Amino acid sequence: MPRSTLTGSRIRERRTLKGLKQADLARSVGISPAYLNLIEHNRRRIGGKLLVDLARELDADLVALSQGAQAPLVEGLRAAAGEAGDGRDVVEVDRVEDFADRFPGWAGLVTQQRDHIGALERRVEALNDRLAHDPYLSDALHDLLSSVTAVRSTAGILNAGDDIDPEWRARFHRNLYEDSQRLADGAQSLVTYLDTIGSAQEGLSTPLDEVEAWLAARSYALGDETDADAQARAQSAPLKTLAAQTLAQDWQAKATRDAQAMPLAQVDAVLAQHGPDPSALARAANVPLDAAMRRLAALPPADHRPPVGLARCDGSGTLTFRKPLDGFALPRFGAACPLWPLYQALLRPTVPVRRVIEAQGQPARRFVAYAICQPVQALEFDAPQIVEATMMIVPLEHAGRRLPSAEASGGALGIGSTCRVCARAACAARREPSLVMVDQT
């Protein structure tokens with residue numbers, strides 16, 4: 001049931017929590033108890049002044065009462081149901097929105113536990129992969145066993161009798177000390193190596209997750225801050241792993257180069273004249289399209305600057321960067337929707353792609369997606385082609401003024417976040433059945 005039809009359930013839940021009788025609430029807003037009963041059982045639509053009056057009497061937020069839980073919470077519950085394995089057959093997926101609206105606290109707890117369990121499972125998988133396939137681990141264990149064998153052999157010789165020459169006894173003692181020292185150093189090195197996967201408190205995410213959290217704390221705005229600001233922020237939230245530090249340094253270097261090539265004043269001038277059009281910025285600054293997209297997505301927040309999302313992938317389609325946007329879900333794990341213009345750009349390297357897309361939601365929201373796929377290294381004969389695609393997402397109402405009217409008025413491409421929680425049953429690109437059986441095409 002769509003969230004817009006569950007307003008009555010939310011009114012009933014709010015009234016019950018406040019301890020109000022149905023008759024008292026009906027009288028306070030000037031309607032009959034029978035009519036309020038029909039509203040609370042979702043048998044009558046409600047809006048306008050009556051909804052405003054009910055929200056006031058219930059001390060409830062009007063948007064929360066009419067629209068309910070936010071889409072990320074509902075998507076998180078659906079994803080949790082999709083990962084439940086055999087148990088998903090007993091999960092009432094069709095009532096997930098009702099559950100999220102009536103019990104948002106419990107729904108949030110379920111999604112948090114799902115994320116925590118997923119992180120633990122990834123850590124176990126990483127440990128299992130290292131135990132099974134890591135050549136360094138195999139060599140380290142071999143060295144440990146060799147040291148243990150040497151210590152045991154030397155100790156056995158010394159324990160065999162007292163007729164050992166003093167010179168040889170001293171040599172055996174020296175060997176025993178050196179082998180035991182090597183054993184201790186090897187064990188410490190092995191423990192340190194295994195700990196790089198992370199502890200239960202600090203290392204439950206990948207380096208990419210760590211960098212994205214680091215960027216989110218800075219509102220994804222890099223390149224325009226002073227050296228003192230950058231140093232202060234780095235000290236306030238340091239990155240813990242070497243891999244994350246390397247990724248962050250690479251992104252910081254790109255952001256700095258982009259800011260130098262496209263000063264803030266120039267970007268604001270382009271925004272004022274053309275809106276968030278990456279091609280207009282690329283022409284004005286004489287930079288590649290992907291650099292213009294990165295720059296627009298890394299601007300410091302301001303009222304006159306529209307919200308901009310960004311996604312990047314390598315030639316395999318794996319997402320290597322995500323800047324989320326309200327209403328446009330970017331999956332953290334697993335494959336994304338194959339209909340994204342990001343992946344269409346991979347089919348046509350160096351050819352810009354622009355599409356009006358419609359993402360799922362209540363209500364569905366439209367965006368403009370700009371995508372480009374470009375080589376990431378100089379072309380050489382007989383060398384493999386290494387490419388990377390970048391996609392910038394802007395809400396349709398904030399899109400550039402050069403957007404053709406035909407694209408703005410219709411012909412939007414329906415997309416999802418990932419097939420498992422996508423409700424577009426008739427999608428030809430579907431790779432697995434959806435948990436949501438409602439067709440929104």
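In this predicted model, α13 provides the largest share of the lining of the second largest cavity, namely 3 residues. Both α13 and α16 supply at least two residues of that lining, which is made up of Trp 251, Ala 255, Asp 258, Arg 294, Arg 295 and Ala 298. By residue type, the lining of the second largest cavity splits into 3 nonpolar and 3 charged residues, with no polar ones. The space in this second largest cavity comes to about 40 Å³.

A wider view of the empty space comes next. Rolling a probe the size of a water molecule over the atoms shows where empty space is left. Across the whole structure, the search returns 3 cavities of 30 Å³ or more. The largest cavity has a volume of about 80 Å³, and 14 residues line it. Closest to the centre of the largest cavity are Cys 337, Gly 416, Cys 419, Cys 422 and Cys 427. Its lining comprises 8 nonpolar, 4 polar and 2 charged residues.

In soluble globular proteins, nonpolar side chains tend to be buried together. Here, the largest nonpolar core contains 37 residues, and Leu 215, Met 262 and Met 392 have the most contacts inside it. At least two residues of this core come from each of α11 (207-216), α13 (242-261), α14 (264-274), α15 (278-285), α16 (289-297), β4 (365-375) and β5 (387-395). The element that gives the most to this core is α16, with 6 residues. A second, separate core has 26 residues, among them Leu 325, Leu 330, Ala 345 and Val 353.

Which of its residues are buried? They are Leu 36, Ile 39 and Glu 40. Viewed down the axis of α3, these buried residues fall within an arc of 95°, so they line one face of the helix. The packing partners of the buried residues of α3 are α1 (7-18), α2 (22-29) and α4 (48-57). Just after α3, Asn 42 adopts a positive phi of about 60°.

Definitions and conventions: Residues numbered from 1 in each chain as written. Predicted model: local features only at pLDDT ≥ 70, side-chain atom pairs only at ≥ 80, totals over all residues. Heavy atoms only, no water. Core = buried A, V, L, I, M, F, W, Y, C linked by side-chain atoms within 4.5 Å. Buried < 20%, exposed > 50% of the residue type's maximum accessible area, 1.4 Å probe, protein only. Helix = DSSP H or I, 4+ residues; strand = E, 2+ residues; numbered from the N terminus. Arc of directions from axis to C-beta. Contact = heavy atoms within 4.5 Å. 1 Å grid on protein atoms, 1.4 Å probe; cavity = no way out; pocket = protein on both sides within 12 Å on 5 of 7 lines; lining within 4 Å. Points joined across faces, edges and corners; volume = space filled by probe spheres on them. Nonpolar A, V, L, I, M, F, W, Y, C, P; charged D, E, K, R; others polar.
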